[in-house]
Amino acid sequence: MALNDYVRILRKRWWIIVVAVVLTAGSAVVFSELQPPQYTSTAEVIISPARPDFGLTQSAKILLRSYMTVANSNTWAQDVINELQLPMTPEGLRGNAFFAAEDDRMVIKIEIEDYDGDQANRIAGKWAELLVQWRNEENSELRKEDRVDAILRDPPSYGQSWPPSSKIMLAAGVVFGLVIAGLAIFFLEWLEAGVIRTPQDLERQLDLTVVGAIPSAK
């Protein structure tokens, strides 16, 4: 297609683009405003070997995921529920809990999602506290130089994780609207592909040169 064909299509179908963008962008912003905010609290527990020994450090890295597996259990979830008097089941609490072992930083990350940011902080903090207590109990049976300590890096903090900001939803709505408009225009042009509108269309269809035309009657 030549450039003038694209210009012609835009002049003819511009309203489709405007309607699609306005509808999708407006719907995205309204959807964002109607969603209840959800928060994610993060607590990081540092796993620290008692001495800077390569073998002990490597062993701690290997055991890092094992520590995470121990923490991410229904038993620990029930302990958190009992301590904080939460009205939920262990399975429900674990459904909002996410654990990650980062061996490059020697950190176990605990993330808790909740509609109450302060409660998310309390849950993440209590779970991290249980991990620290468990490591202290395990260390009590080891020699001091063989211990692997667990240390809470900082108090848990939360931030809003859902919905995204109105600006992000607006931008996403605009992009989605442009895609929908493009598909709609392509479909309409495909339906009218065989329609001859101008002498140039006739030349392209029949590979002939137009030498004259009968003017339309008034």
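1. A contact here means heavy atoms within 4.5 Å. Among contacts between residues at least 6 apart in sequence, 74% join residues at least 24 apart.

2. The model is predicted: local features need pLDDT of at least 70, side-chain atom pairs count only at pLDDT 80 or more, and totals for chains, interfaces and linings use all residues. Residues are numbered from 1 along each chain as its sequence is written, and side-chain values use heavy atoms, with hydrogens and water left out.

3. The protein has 7 helices and 5 strands, taken as DSSP runs (helices H or I, at least four residues; strands E, at least two) numbered from the N terminus. Their order along the sequence is α-β-α-α-α-β-β-α-β-β-α-α.

4. Of the 218 residues, 33% are buried (under 20% relative accessible area; exposed is over 50% and partly exposed in between, with a 1.4 Å probe and protein chains only).

5. Salt bridges (a side-chain nitrogen of Lys or Arg within 4 Å of a carboxyl oxygen of Asp or Glu) number 11. One network of them links Glu44, Glu102, Arg105, Lys109, Arg153 and Asp154.

6. Glutamate 44 is buried, at 14% relative accessible area. Its side chain forms a salt bridge with that of arginine 153 at 2.7 Å, N to O. Glutamate 44 lies in strand E1 and arginine 153 in the loop between strand E4 (148–152) and strand E5 (157–162), so the pair ties together parts 109 residues apart in sequence. Arginine 153 is partly exposed, at 44%.

7. Glutamate 44 also forms a salt bridge with arginine 105 at 2.8 Å, N to O. Arginine 105 is partly exposed, with a relative accessible area of 34%.
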